[in-house]
Amino acid sequence: LVVDPPRAGLLAQGAAAIVAAAPPRVLLVSCSLESLARDLAALDPHYAVETVELCDLFPHTEHIEALTLLRRR
């Protein structure tokens with residue numbers, strides 16, 4: 001499952017939908033490290049972080065994308 005939520009993150013409803021769907025892996029794309037931290041905390045009981053890649057998709061700006069691969073526990 002690939003999810004790319006807005007800057008606010010998954011919120012409780014998005015995290016609950018992922019947990020309910022129970023995919024074996026989730027690729028979470030985040031443009032805000034603060035919302036990524038909240039999303040990972042919400043998903044932590046069910047998913048473990050496998051890897052994180054930072055991508056500079058917008059050179060010469062302060063924006064960075066974090067790609068986080070999660071695996072179901």
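Is C31 buried, exposed or partly exposed? C31 counts as partly exposed, at 22% relative accessibility. This residue is taken up again in the view of the cysteines below. The model shown is predicted.

**View A. The largest nonpolar core has 11 residues.** They are V3, L10, A15, I18, V26, L28, L36, L43, Y47, A66 and L70. At least two residues of this core come from each of α1 (11-21), β2 (25-30), α2 (33-43) and β4 (65-72). In soluble globular proteins, nonpolar side chains tend to be buried together.

**View B. L43 and its contacts.** L43 is one of the residues of the largest nonpolar core. With neighbours within four places in sequence left aside, L43 touches L10, A15, I18, V19 and L70. Among these, L10, A15, I18 and L70 are also listed in the core.

View C. The buried residues of α1 are G14, A15 and I18. Viewed down the helix axis, the buried residues of α1 fall within an arc of 95 degrees, so they line one face of the helix. An α-helix has 3.6 residues a turn, so residues three or four places apart point the same way. The cover over the buried residues of α1 includes β1 (2-3), β2, α2 and β3 (47-55). A12, Q13 and A20 are exposed, on the other side of α1. Just after the helix, A22 has a positive phi of about 55 degrees.

**View E. S35, a buried serine in helix α2.** The relative accessible area of S35 is 1%, so this residue counts as buried, the limit being under 20%. A polar atom of the S35 side chain lies 3.0 Å from the backbone oxygen of R7. Apart from neighbours within four places in sequence, S35 is in contact with R7, A8, G9 and S30.

How values were computed: Residues numbered from 1 in each chain as written. Predicted model: local features only at pLDDT ≥ 70, side-chain atom pairs only at ≥ 80, totals over all residues. Heavy atoms only, no water. Core = buried A, V, L, I, M, F, W, Y, C linked by side-chain atoms within 4.5 Å. Buried < 20%, exposed > 50% of the residue type's maximum accessible area, 1.4 Å probe, protein only. Helix = DSSP H or I, 4+ residues; strand = E, 2+ residues; numbered from the N terminus. Contact = heavy atoms within 4.5 Å. Arc of directions from axis to C-beta. Polar contact = N/O pair within 3.5 Å; in protein donor to acceptor, adjacent residues only side chain to side chain.
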